[in-house]
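Me: I have a new model open and would like a quick tour. Let's start with the pockets, then move to the sheets.

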Amino acid sequence: MEAADENDSKPYDTRHESKPRSNTHQRSIVTAPAVSAAIMEENYDTTHPKLGIAIIINQVNFSGMAKREGSDRDRDSIGAVLESIGFDVRVFNNLDKKDLLDELDKVAHEDHLQSDCLVVVIMTHGDKDVLYASDKCYPIGCLWEPFLGDECSSLRGKPKLFFVQACRGNAFDKGVKLDKAVTDTVDSSSKRLLFLIPTMADLLVMYSTYDGHYSWRHPINGSWFIQSLSTELEQHAHTKEILQLLTAVSRRVAYQYQSNVPDNLAMDAMKQMPCVVSMLTKAFYIKPK
């Protein structure tokens, strides 16, 4: 017997049709007016009085792990930019696991009805699928689980943006050569629309590096990723759609940076590629308040 998913994926052959096809698929499509209206909304609502809260978690010191030199520079850079854009910036330094999770839970229980979005930036040690507090590790999903639709009702339908500066493994990206020829070229309705959305909808996570790989940080100048994110937000926060802006962050990290460790050939001249996981359902433009 064929597996169910194989049956589901087979093309329908009308030559063997003896009776009308089942309307099971049609019954799975929601046709309520509220859903039709939501599908037509291409942009997130940015008419709220506030832009939203931006949480910055800066982990420098650890028990049993190396100090993250340069992370304070990242904290100051991204904090200043987010505040200048209009976010309510909350900074936390060197939290242990309990305090870190408690602070996230506190913010999740605040009222976000008057806000456009939520931003969380974390800078710490990490490995595959885990991040480190000052005392112990925790699953990375703990960052966003308190803010999902089934936990934080006042953020439902609003973008929740998470930026993770941390290693996701120990592999290095040696990069490849690219040869390229360059040519120079010069609705405000207040009625309620009720319908179901997925719990994970409207979430975006941007990792400083892709799965299994090392994330670079300069002990004085800060990390490639957070510095690039700060630069792009400072220059284009109000002019680019968020995914376009984050693509520019990826491009800046990928092209502009290369490790310089001449006394360690295994780490010298390495590259880094950020990774965006988007479950956003609309375009998001950061509007000045």
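**Pockets and sheets**

Reply: The second largest pocket has a volume of about 640 Å³. This is a predicted model, where local features need pLDDT of at least 70, side-chain atom pairs count only at pLDDT 80 or more, and totals for chains, interfaces and linings use all residues. Residues are numbered from 1 along each chain as its sequence is written, and side-chain values use heavy atoms, with hydrogens and water left out.

Me: What counts as a pocket, and what is a volume?

Reply: On a 1 Å grid over the protein atoms alone, a pocket is an open set of points with protein on both sides within 12 Å along at least five of seven lines. A cavity is a set of points where a 1.4 Å probe fits but cannot get out. Lining residues have an atom within 4 Å of a point. Grid points are joined across faces, edges and corners, and a volume is the space filled by probe spheres set on the points.

Me: Which residues lie nearest the centre of the second largest pocket?

Reply: Tyr214, Ser215, Trp216, Arg217 and His218, out of 31 lining residues. At least two lining residues come from each of β4, β9 (217-218), β10 (222-223) and α6. Helices (H or I, at least four residues) and strands (E, at least two) are DSSP runs, numbered from the N terminus.

Me: How does that lining divide by class?

Reply: It has 11 nonpolar, 15 polar and five charged residues. Ala, Val, Leu, Ile, Met, Phe, Trp, Tyr, Cys and Pro count as nonpolar, Asp, Glu, Lys and Arg as charged, and the others, Gly among them, as polar.

Me: And what lines the largest cavity?

Reply: Leu82, Phe87, Val119, Leu161, Phe163, Leu233, Ile242 and Ile286. By class, that is eight nonpolar, no polar and no charged residues. The space inside is about 40 Å³.

Me: Switching to sheets. What is the strand order in the six-strand one?

Reply: β2-β1-β3-β7-β8-β11, in an open sheet with mixed pairing. Two strands pair if DSSP finds at least two bridges between them.

Me: Why is one side of β2 and of β11 left without a neighbour?

Reply: β2 (88-93) and β11 (275-278) are at the edges, and each has a single partner strand, so one side of each lacks a neighbour in the sheet. Strand-to-strand twist averages 10°.

Me: How do β1 and β3 pair?

Reply: In the parallel sense, over eight bridges, with β1 at residues 50-58 and β3 at 115-123. Gly52 is opposite Cys117 in β3. β1 also runs parallel to β2, joined by six bridges. There, Ala54 has Val89 as its bridge partner.

Me: Which helix lies across β3, β7 and β8?

Reply: Helix α6 (residues 224-236), at about 140° to β7. Angles run from 0 to 180 degrees between N-to-C directions, with axes fitted to C-alpha atoms, for helices over the stretch in contact.

Me: What about the three-strand sheet?

Reply: The order is β4-β5-β6, open, with antiparallel pairing. Edge strands β4 (126-127) and β6 (137-139) each pair on one side only. β5 (residues 130-132) and β6 share three bridges, and Tyr132 is opposite Cys137 in β6.

Note on methods
Contact = heavy atoms within 4.5 Å.
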